[in-house]
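Here is a short report on one helix and the packing around it. Please read it with the structure open.

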Amino acid sequence: MAVVTHAGADPVVDAVVDVRAADWRGAVHAACAPLVSSGALEPRYPERCIAIAEEHGPYMVLAPGIALAHARPEDGVLRLCLSAAVLSAPVEFGHDQNDPVDVVLAFGSPDDAAHLALLQNLAEHLLAGLADQLRLAPDQATAVRALSAVR
């Protein structure tokens, strides 16, 4: 597992590629797993992401093929972090326009302010083709490099 960590407010960044997920819940767990392993998220965080989506619907599906799993800081975020799971086969989240999803991003912020710049940069990189870079990444290291450009 490749984890990029820096001092200060720089996020923990990681990725997994060619992930097999039985459903959207498994995809959320896969996207969060590297961040849990690195200590940036507590193990309960993926379940909170799932519970919030079950309560509010597939709001986390941002665009065709792309979902952003996230929950509140108090749901187990220890460090600002971002990861991606590139699925080997897309899964349905129940979104009427943007399903199926094959890139699941996971994001955590330890407070209500630390994430603003990261989310803005993520949006800009997604508009510039980040999801396709992740889809085309032949290995984890390449995917981590692509995601690490988001700062």
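## Buried face of α1

In α1, the buried residues are Trp-24, Ala-27, Val-28, Ala-30, Ala-31, Cys-32, Pro-34 and Leu-35. Buried means under 20% relative accessible area, exposed over 50%, and partly exposed in between, with a 1.4 Å probe and protein chains only. These α1 residues pack against β1, α2, β3, β4 and β5. Helices (H or I, at least four residues) and strands (E, at least two) are DSSP runs, numbered from the N terminus.

The model is predicted: local features need pLDDT of at least 70, side-chain atom pairs count only at pLDDT 80 or more, and totals for chains, interfaces and linings use all residues. Residues are numbered from 1 along each chain as its sequence is written, and side-chain values use heavy atoms, with hydrogens and water left out.

## Helix geometry

α1 has 15 residues. From first C-alpha to last, α1 reaches 22 Å, close to the 21 Å expected at 1.5 Å a residue. That expected span is 1.5 Å times one less than the number of residues. α1 bends by about 40° at Cys-32, and Pro-34 follows within four residues. The bend is the angle between axes fitted to the seven residues ending at a residue and the seven starting there.

Asp-23 caps the N-terminal end of α1. One of its side-chain oxygens lies 3.1 Å from the backbone nitrogen of Arg-25. After α1 comes Gly-39, with a positive phi near 90°.

## The nonpolar core

The largest nonpolar core has 31 residues, and Val-28 and Phe-93 touch the most other members. Such a core is a set of buried Ala, Val, Leu, Ile, Met, Phe, Trp, Tyr and Cys residues joined through side-chain atoms within 4.5 Å. Two or more residues come from each of β1 (12–19), α1 (24–38), α2 (45–56), β3 (66–69), β4 (81–91) and β5 (101–108). α1 gives the most, with 7 residues.

Leaving aside residues up to four places away in sequence, Val-28 touches Pro-46, Cys-49, Ile-50, Met-60, Ala-69, Phe-93 and Val-104. Contact means heavy atoms within 4.5 Å. Another core, of 23 residues, lies apart; Val-13, Leu-122, Leu-130 and Ala-146 are among them.

## One aromatic pair

How many aromatic pairs does a search of the whole structure find? The search finds 1. The ring centres of Trp-24 and Phe-93 are 5.7 Å apart and their planes are at 40°, so the pair is tilted. Rings of Phe, Tyr and Trp (its six-membered ring) pair if their centres lie within 6.5 Å; planes under 30 degrees apart count as stacked, over 60 as edge-to-face and the rest as tilted.

Trp-24 lies in helix α1 and Phe-93 in the loop between β4 and β5, so the pair ties together parts 69 residues apart in sequence. Trp-24 counts as buried, at 11% relative accessibility. Phe-93 counts as buried at 8%.

How values were computed
A polar contact is a pair of N or O atoms within 3.5 Å; within protein, one must be able to donate a hydrogen and the other to accept it, and residues adjacent in sequence count only if both atoms are side-chain atoms.
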